[in-house]
Amino acid sequence: MITVNNLCKQIGDVNAMDGLSFTAPDGKITGLLGPNGAGKTTCLRTLFGLLKADEGHAEVDGIKVSENPEAAKQQVGLFPDPSGLYERLTPREYIQFFAELSGMNKADAKVATADVLRHLKMEDIADRRCKGFSQGQHMKTALAQAIVHKPRNIILDEPTRGLDVMSTRILRELLKMLRDQGHCVLFSSHVMQEVAALCDHVVVMAKGKVVAEGSPTELCERTGQTSLEEAFIQLIGSDEGIAA
Amino acid sequence: MKLIQILFKKELMDASRDKRSVMAGLYYAVFSPVLMCGLFMVLLKQFASTEELFITIEHAENAPNLVQYLESKEIQHSNDKTKVKPITLVISDDYGDNMSQGKPAMVTIIADKSDDKLRKSVSRLEAQLARYNSEVASLRLITRGLSPTLMKAVDVQIQDQATPDSKGGMFLGLATLSIVLTLFYAAMNLAIDTSAGERERNSLALLLSHPINPLQIVLSKIFAISTFSMLGLVVILITSKFSYAMVPWEQLGFSVTLDLPFMLFAVVASIPLALMSASLQVFVSFMAKSFKEAQSYVTMVLFIPMMLSMVATYDIATETVQWLPVAAQQYAMIELIKGNAIPLPQLLLSSLVTLTLFGVFTWLSSRLLKSERVVFGL
């Protein structure tokens, strides 16, 4: 479970987070939905202790990130910006490296890596160096890295960027499977379809604040709109920075 | 510790596959001894041979003995405008008469003494004339039944204490300079790539999102870089050994020979330097905002070890400098090749300082990684 409590963060002149609070429960897929610049990435970085909040705190399974970052990070898998692969390593080496970093021993990491590669149908590229991978292959490798050590909580920063239909479907299936296994899945997105198709719980953000929270249907009902997109536009008060 | 090991293994694997960076570091190790070897050959040629000195001698026919004497000392008359130096020795017309009567016979040296390049040749001519003068004078005293030692009020003796090897100071300095600097140049590309490069490729933030602390990341990077600079060191020691063996040292009566004990000593003495070099370059690279900026900063910072090494090479202010990092290690290497005792106090103290610097730079880098400005290049 991930809890964010009254986070405030000023970056330069911008209030990137302005009293942000929400909870992403276990066994649910929580979508962090907001236009570009709403503070989604800032919020996720704070969850990893990469940024320090000026006020408030973030907790992972009840552990305060600012107080015990290593224990908190142990509970989380991060699906990163996929451009950050080590191009000179193969996916197998890359995934295994992060599995070991997350505390698995070598033998377990090896088995877990083979499992995740099979699961994501990546065996054909598993032993090729990442250099020259397509966007989708990058994504899959990054995703495999995030889930290889089966963390209780999984955080994904705009995971479907650049994925083709097949990969998107695989990703969706995977996230649903993780949810059914009781994991807490938190992902940020500005893609409506994605959020509508996947999320049990949506946190709508704008200008560093939570504007509304609830399931996609609840949000539609509350705003009296038929689609999540319309509901969203009504909630944030503009259609700036939204992808349909 | 286990995490450092995992990180170290990955850094090593990642770096060793970056063929260009590794090669760029090793090129220095392979080619600098070869270049040095060429330089030494040229220098030795200049040092060793007393060149023939060609001058203009006017009225040579007046003093055949003197001219013959000078010729035996490789100072001769020549009409060839390309080889002759602008020095003229004029022998007076009454030279022969004065000489036979035991009066001072006049010769005149005409040359521009303000010309630096001529000065050495003029003094050489003066010295030979003075020697001829005293030889003739001694003969005259003997014919008059007097001992020539009367003319020697003070007997100046010079005992040259230079052993053959210690004469080669500059050569040794240059050879060890190229060895010590490998620790810095072989590490440069990797240090920048693994720090500024890692940030630029967006993988630094991902690494930091894992349950490891920045100190572990920094240490593993430094260990990996040091491994490569030590590899560079071994390569340069081997290439130096073989290329310096080709230099015709016998011309000067000393030699730069790198034997196995020296090589082992160099490796051990260089370990603290390799760690310090890696930590310094990683720190500077993290300070920079981009890869390119890191490249310029690191290049600038490398002037410091280079200067320290130069100071040791040219034996400037040896007393104080031999206690400083880089210079002390190099000084110890020079002493070892010369066959002298290793200056142990200097070496130990400077190694300690070097390791302290390694600690400081490592700590500073890990502090930097806690700053969001540095991690995201804000």
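The crossing of H9(B) and H15(B) is right-handed, where right-handed says that the near helix is turned clockwise from the far one by less than a right angle, and left-handed that it is turned anticlockwise. Before I go on, this is a predicted model, in which local features need pLDDT of at least 70 and side-chain atom pairs count only at pLDDT 80 or more, while totals for chains, interfaces and linings use all residues. Residues are numbered from 1 along each chain as its sequence is written, and chains are lettered from A, with ligands numbered from 1, in the order in which they are written.

Helix H9 is residues 214-244 and helix H15 residues 344-368 of chain B, and their axes come within 8 Å and cross at roughly 130°; helices here are DSSP runs of H or I with at least four residues, numbered from the N terminus, and axes are lines fitted to C-alpha atoms over the stretch in contact, with angles from 0 to 180 degrees between N-to-C directions. H9(B) and H15(B) are therefore oblique to each other, since angles under 35 degrees count as roughly parallel, over 145 as roughly antiparallel, 65 to 115 as roughly perpendicular and the rest as oblique. Pro214(B), Leu215(B), Val218(B), Leu219(B) and Ile222(B) of H9(B) meet Thr362(B), Ser365(B) and Ser366(B) of H15(B), contact being C-beta atoms, placed from the backbone, within 7 Å. That set divides into 5 nonpolar, 3 polar and no charged residues, with Ala, Val, Leu, Ile, Met, Phe, Trp, Tyr, Cys and Pro as nonpolar, Asp, Glu, Lys and Arg as charged, and the others, Gly among them, as polar.

Turning to another pair, H7(B), residues 169-200, and H10(B), residues 260-287, have axes that come within 8 Å and cross at roughly 35°, and this crossing is right-handed. Among the residues of H7(B) that meet H10(B) are Leu183(B), Phe184(B) and Met188(B), and the contact as a whole has 14 nonpolar, 5 polar and no charged residues.

What about H14(B)? Residues 327-338 reach 16 Å from first C-alpha to last, close to the 16 Å expected at 1.5 Å a residue, the expected span being 1.5 Å times one less than the number of residues. Gly339(B) follows H14(B), with a positive phi near 90°.

Finally, the contact between the chains takes 20 residues from chain B and 22 residues from chain A.

Notes: Two residues are in contact if their C-beta atoms, placed from the backbone, lie within 7 Å. Helices (H or I, at least four residues) and strands (E, at least two) are DSSP runs, numbered from the N terminus.
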